[in-house]
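Have the model open beside you as we go.

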Amino acid sequence: MDTINAIPIFVAVADSEGFSRAAQMLGISKSAVSKRITQLEAQLGARLFHRTTRKLSLTEAGERYYQYAAQANRAAQQAEDAVSEMQGEPKGLLKILLPMTIGQLHIAPLIPVFLEQYPQLDIDIILDDREVNLVELGFDLAIRTGGDLSDSTLVARRLVPLHSVVCVSPTFYEKHQAQLMTPHQLVDLNCLIYSYSSNASLWQFTSENGEVCKIKVAGNYRVNNIAAVRDAVIAGLGVARLPTFIAGDAIQRGELVALFQGYNMPHKLLYAVYPERHYLPAKVRVFLDFIVEKLGNGSAYWDRF
């Protein structure tokens with residue numbers, strides 16, 4: 001029985017190639033992980049890992065043990081999921097990875113409402129823009145932009161499109177209105193740049209008749225935080241291309257003016273991504289249904305301006 005109980009810890013160490021990351025994934029101390037692996041090796045009478053200061057890797061015996069241990073661990077997880085799916089009230093820990101700005105502005109504020117509906121759940125949210133291995137780090141769900149899945153074991157559910165809009169402040173608009181009639185005029189204006197964008201200084205527009213134009217813009221302010229760009233636009237510093245998830249509220253309040261509404265800009269998609277399972281745990285299912293409804297059921301609420 002002790003050997004069976006050690007299987008999830010062994011698999012976590014093997015998958016993450018280290019005691020520290022396995023401990024983080026399992027929510028226990030590094031020393032507890034190391035001790036349990038040592039006990040397992042003693043019970044089996046074989047060394048399962050090569051240990052060096054830089055790397056942890058499976059021995060030949062470890063490789064053979066992993067083949068069966070991983071299958072047993074997956075079977076146990078499927079058994080747990082099958083029972084979880086039947087639960088009338090979702091319960092347990094739900095670990096979620098969110099992108100920094102969208103998570104902070106639009107998803108984290110919804111969590112109190114969600115927990116009020118499902119009081120037997122515990123939520124652990126990490127705000128991080130890095131794309132990490134969900135299974136390895138023990139996440140049940142992640143919200144991501146884009147759509148390419150590097151890991152074929154993940155399932156993606158489309159949430160809402162992520163649009164962009166060119167904005168100025170009302171005072172800037174009043175002063176430069178004649179220079180804000182078409183996107184081509186942007187070359188003569190002070191354009192504020194979000195430096196982490198892959199096409200930071202090249203803004204693309206598609207007219208209603210399908211004509212595509214790409215405008216090379218420049219300005220006196222570059223910053224790697226999109227909220228800082230928005231605040232500079234509201235202050236009247238210049239023109240900026242902003243995602244509507246961060247500009248929508250300010251446009252509705254009259255703090256920003258949306259330009260060139262007859263043109264479309266390239267957009268991305270927001271996805272919920274989760275590990276593929278035969279049974280989707282109830283805690284994941286109810287959160288997915290909740291977030292789809294709250295974000296706008298396919299059409300983002302922040303685009304309603």
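Q: How is the crossing of α1 and α2 described, right-handed or left-handed?
A: In this predicted model, the crossing of α1 and α2 is right-handed.

Q: Why are helices α1 and α2 called oblique to each other?
A: Helix α1 (residues 2-16) and helix α2 (residues 19-26) pack at an angle of about 125°. Roughly perpendicular covers 65 to 115 degrees and roughly antiparallel starts over 145, and the rest count as oblique. The two helices are therefore oblique. Their axes lie 8 Å apart.

Q: What makes the contact of α1 with α2, by class?
A: The contact has 8 nonpolar, 1 polar and 1 charged residues. On the α1 side you will find Pro8, Ile9, Ala12, Val13 and Ser16, and on the α2 side Phe19, Arg21, Ala22, Met25 and Leu26.

Q: Why is strand β3 called largely enclosed by the rest of the structure?
A: A residue counts as buried under 20% relative accessible area. In β3 (residues 92-98), 5 of the 7 residues are buried, so the strand is largely enclosed.

Q: How do you know that β3 pairs with β4?
A: Pairing needs at least two bridges. Between β3 and β4 (residues 121-127) there are 7, and the strands run parallel. For instance, leucine 94 stands opposite isoleucine 123.

Q: What makes β3 and β5 a pair as well?
A: The cut-off is at least two bridges, and 2 bridges join β3 to β5 (residues 141-145), again running parallel. Isoleucine 96 has leucine 141 of β5 as its bridge partner.

How values were computed:
Residues are numbered from 1 along each chain as its sequence is written. This is a predicted model: local features need pLDDT of at least 70, side-chain atom pairs count only at pLDDT 80 or more; totals for chains, interfaces and linings use all residues. Side-chain values use heavy atoms; hydrogens and water are left out. Axes are lines fitted to C-alpha atoms, for helices over the stretch in contact, and angles run from 0 to 180 degrees between N-to-C directions. Helices (H or I, at least four residues) and strands (E, at least two) are DSSP runs, numbered from the N terminus. Angles under 35 degrees count as roughly parallel, over 145 as roughly antiparallel, 65 to 115 as roughly perpendicular and the rest as oblique. A crossing is left-handed if the near helix is turned anticlockwise from the far one by less than a right angle, and right-handed if clockwise. Contact means heavy atoms within 4.5 Å. Ala, Val, Leu, Ile, Met, Phe, Trp, Tyr, Cys and Pro count as nonpolar, Asp, Glu, Lys and Arg as charged, and the others, Gly among them, as polar. Buried means under 20% relative accessible area, exposed over 50%, partly exposed in between (1.4 Å probe, protein chains only).
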